[in-house]
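Visitor: I am new to this structure. Please show me how to read it, one feature at a time.

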Amino acid sequence: MSHTLPATLLQGIDLVNTIYGGMSMAAIEQYENETEHVIQIKTPGLGPDNYSIELKDNILYVHNYFTMQEGGEIKKVPYLIRNFNLAYYIDFNNIVAEYEDGALNIILPFNGYKNDSKKDIDIH
């Protein structure tokens, strides 16, 4: 028996559930290390062709869609729209998105202006 059949079946069930009013929630995680901030999005049943990412005015817009065919026409139905305000210390020119193991990873490298130092300010 093929292992792709159960996965395909489950994706179809998830899609039908969504069409008829149910929702599979996207799991969104964020983490960072010394050189970058990462946004990871997992949405059951959707692959890399279902995402679009746009950067405008320091805001990162992430959209995903599921596609369906209706009357011979393929339509994109919005599934998730999420906006992320990006800090000044993100290197906007080197943002990269990768899709791996069912997750969209958006890598936001730092530009060198990030300063994690802390300073207490006296109140006079």
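The dialogue below moves from the whole chain to single residues.

Guide: First, some ground rules. This is a predicted model, where local features need pLDDT of at least 70, side-chain atom pairs count only at pLDDT 80 or more, and totals for chains, interfaces and linings use all residues. Residues are numbered from 1 along each chain as its sequence is written, and side-chain values use heavy atoms, with hydrogens and water left out.

Visitor: Which secondary structure elements does the chain have?

Guide: Helices (H or I, at least four residues) and strands (E, at least two) are DSSP runs, numbered from the N terminus. Here the chain has 1 helix and 7 strands. Read from the N terminus, the order is α-β-β-β-β-β-β-β.

Visitor: How do strands make a sheet?

Guide: Strands of a sheet pair through backbone hydrogen bonds, either parallel or antiparallel. Two strands count as paired if DSSP finds at least two bridges between them. In this chain, 4 strands form an open, antiparallel sheet in the order β1-β2-β7-β6. Its edge strands are β1 (27–32) and β6, each pairing on one side only. Neighbouring strands of this sheet are turned by 20 degrees against each other on average, direction ignored. For such angles, axes are lines fitted to C-alpha atoms, for helices over the stretch in contact, and the angles run from 0 to 180 degrees between N-to-C directions.

Visitor: What is the strand order of the sheet with 3 strands?

Guide: The order is β3-β4-β5, again open and antiparallel. The edges are β3 and β5 (73–85), and each pairs on one side only. On average, neighbours in this sheet are turned by 25 degrees against each other, direction ignored.

Visitor: How many bridges join β4 and β5?

Guide: There are 12 bridges, in the antiparallel sense. Next, Leu 55 has Leu 60 in β4 as its bridge partner. β3 and β4 pair over 6 bridges, antiparallel too.

Visitor: Which residues take a positive phi in the hairpins?

Guide: The hairpin of β3 and β4 has 2 residues between the strands, and there Asp 57 takes a positive phi near 50 degrees. The hairpin of β4 and β5 also has 2 residues between the strands, and Gly 71 takes a positive phi near 60 degrees. Asn 58 sits in the loop between β3 and β4 (59–70). Its phi is near 65 degrees, a positive value in a residue other than glycine.

Visitor: Is Asn 58 buried, exposed or partly exposed?

Guide: Buried means under 20% relative accessible area, exposed over 50%, and partly exposed in between (1.4 Å probe, protein chains only). Asn 58 is partly exposed because its relative accessible area is 39%. Now look at Asp 101, in the loop between β6 (96–100) and β7 (103–109). Asp 101 counts as exposed because its relative accessibility is 73%. Its phi is positive, about 50 degrees, although Asp 101 is not a glycine. Among the residues involved, Glu 100 has Ala 103 in β7 as its bridge partner.

Visitor: What does Asn 50 touch?

Guide: Contact means heavy atoms within 4.5 Å. Not counting residues up to four places away in sequence, Asn 50 touches His 63, Asn 64, Tyr 65, Phe 66 and Thr 67. Asn 50 lies in the loop between β2 (36–42) and β3 (51–56). Asn 50 counts as buried because its relative accessibility is 13%. A polar atom of its side chain lies 3.0 Å from the backbone nitrogen of Gly 47.

Visitor: Which side chain has a polar contact with that of Gln 40?

Guide: A polar contact is a pair of N or O atoms within 3.5 Å; within protein, one must be able to donate a hydrogen and the other to accept it, and residues adjacent in sequence count only if both atoms are side-chain atoms. The side chains of Gln 40 and Asn 105 are joined by one of 2.9 Å. Gln 40 lies in strand β2. Gln 40 is buried because its relative accessible area is 16%. Leaving aside neighbours within four places in sequence, its contacts include Ala 27, Ile 28 and Leu 104.

Visitor: How much of the chain is buried?

Guide: Buried residues make up 27% of the 124 residues.
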